[in-house]
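Subject: Structure handover

Hi,

Here is the structure I promised to pass on. Please open it alongside this note and follow along.

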Amino acid sequence: MFKIINPNNLFGTSNKIRKVLFFLFIILIVAGLLEALWFSPKDYIQNHAVRIMYVHVPSAWISLGTFLAIGVLSIFSFIFKNKNFLIISKCLASSGFMFNIVALVTGSIWGKPTWGTWWAWDARITAMLLLGIFYLMYILSWQVFEKEETKQKVSTIIAILGIVNVPIIKFSVDWWSTLHQSSSVNILSESTIHSSMIVPLVIMMVAFVIFSAVIFLMKYNSEIIKLKNKGLDRL
Amino acid sequence: MLGKKVRSRAIFIFLVLTSLILTAYILFKSLEENVVYFLSPTEIYEKQEIHFDKKIRIGGMVKKNTIKHSAESINFIITDFKNEIYVIYSGSIPNLFAEEKGVVAEGFLKDKNYFLADKILAKHDENYMPPEVNEALMKESKQ
């Protein structure tokens, strides 16, 4: 059923794919940063502070999306007893955590000149901090335990607990009054961001996704090598 | 299609997730007052018991033509277009603080229409556009 993502198939191709992806990432990040910092217009209220958004928003999306993937894969690995899903989850976590921190830090840098504060305990920001804690616990759960089985169990539990937080983050700005503004880029309703600002946002988003993919493939590769060294070529 | 064990594990995880979501829902429902970052003037107006000695946040729009600077303080009215609260504040204000823009004030209620703030935050809305587009929109709305 899950033959396509069998580690033995991925192993042969991932080296080449990784190089191509990294090359693509360099091109896109240069184009994205030029677009975000230079060619895109300033905002009518925020002025140049709007440029922080081109890093902040993709980072936040990716950290959310990555945790969603970790959660769903962990659930699937529990249902189908597929260890490979767990290894994929494990390899996704570090870049997701990094983007979570980037989102929090850039948000804070943006908040000071616009809101007038570095930090606010509103629902969105607090839930995002909670996601960071879940990421940290998830990553640590793979480090602190001795037995492979314990690692897998504990990390799955953390992933399932944490996945409940994901929709809370997404909809916090609609459910409660928050200092954080509600979302400007909408699929179902009209977006409230001007099209000239969508361009750099999309380029940066794609660049960051590719970056995550490169990090993931590197991690996954080394996990597979570790497994092969243990003499377990079947999962 | 699915084996018996697979199906029972799927049902189990479904029940776990449902109860987790339910727990989260109940938790947030009971904590609602602490989850919201600020109250609107109407929520203040409708509130049964108000602790005047407890620090709270109120939020809304700064009403047009109500910002008044004096030597020691700045006064303005926060409105949600139904109810209003008169705010007195002394201290530094954020750059984005302006009339007809969102604001959150932290401080103490003196009564239901009178607020003594010791911190002001500007709330940015979800609209992002270049200055030229805003000018064009303003022109359009004036016509």
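This is a predicted model: local features need pLDDT of at least 70, side-chain atom pairs count only at pLDDT 80 or more; totals for chains, interfaces and linings use all residues.

**The interface**

Chain A and chain B bury about 3500 Å² between them. Of that area, 68% lies on carbon and sulfur atoms. Chain A puts 42 residues into the contact, and chain B puts in 37 residues. Polar contacts do cross the interface, with 14 residue pairs found between chain A and chain B.

Which parts of chain A touch chain B? The elements giving two or more residues are H2, helix H3 (83-114), H5 and helix H7 (195-229) of chain A. H2(A) gives the most, with 5 residues. By class, this side of chain A has 24 nonpolar, 14 polar and 4 charged residues.

Asn134(B) is worth a look here. Asn134(B) sits in helix H4 (residues 131-142) of chain B. Leaving aside neighbours within four places in sequence, its contacts are Tyr44(A) and Met129(B). Is Asn134(B) buried or exposed? The relative accessible area of Asn134(B) is 17%, so this residue counts as buried, the cut-off being under 20%.

**A covered helix in chain A**

Next, go to helix H6 (residues 165-175) of chain A. Its buried residues are Asn165(A), Val166(A), Ile168(A), Ile169(A), Ser172(A) and Val173(A). What covers the buried residues of H6(A)? The cover includes helix H2 (53-80), helix H4 (123-144) and helix H5 (148-163) of chain A. Helix H1 (4-30) of chain B is also part of the cover. For the spacing, recall that an α-helix has 3.6 residues a turn, so residues three or four places apart point the same way.

**Salt bridges**

Over all chains, the count comes to 10 salt bridges.

- In chain A, Glu223(A) pairs with Lys90(A), and the closest N and O atoms are 3.0 Å apart. This pair links distant parts of the chain: Glu223(A) is in helix H7 of chain A and Lys90(A) is in helix H3 of chain A, 133 residues apart. Glu223(A) counts as buried, at 13% relative accessibility.
- In chain B, Arg57(B) pairs with Glu106(B), with the closest N and O atoms 2.8 Å apart. Arg57(B) lies in strand S1 (residues 56-62) of chain B and Glu106(B) in strand S5 (residues 102-111) of chain B, 49 residues apart. Arg57(B) is partly exposed at 23% relative accessible area, whereas Glu106(B) is buried at 14%.
- Also in chain B, Glu84(B) pairs with Lys63(B), and the closest N and O atoms are 2.6 Å apart. Glu84(B) is in strand S4 (residues 84-89) of chain B, and Lys63(B) is in the loop between S1 and strand S2 (68-69) of chain B, 21 residues away. Glu84(B) is partly exposed, with a relative accessible area of 34%. Lys63(B) is partly exposed too, at 32%.

Which residues join Arg57(B) and Glu106(B) in a network of salt bridges? Lys55(B) and Asp118(B) do.

Best wishes

How values were computed: Residues are numbered from 1 along each chain as its sequence is written. Chains are lettered from A and ligands numbered from 1 in the order in which they are written. Side-chain values use heavy atoms; hydrogens and water are left out. Buried means under 20% relative accessible area, exposed over 50%, partly exposed in between (1.4 Å probe, protein chains only). Helices (H or I, at least four residues) and strands (E, at least two) are DSSP runs, numbered from the N terminus. Contact means heavy atoms within 4.5 Å. Buried area is the accessible area (1.4 Å probe) that two parts lose on being put together, summed over both. A polar contact is a pair of N or O atoms within 3.5 Å; within protein, one must be able to donate a hydrogen and the other to accept it, and residues adjacent in sequence count only if both atoms are side-chain atoms. Ala, Val, Leu, Ile, Met, Phe, Trp, Tyr, Cys and Pro count as nonpolar, Asp, Glu, Lys and Arg as charged, and the others, Gly among them, as polar. A salt bridge is a side-chain nitrogen of Lys or Arg within 4 Å of a carboxyl oxygen of Asp or Glu.
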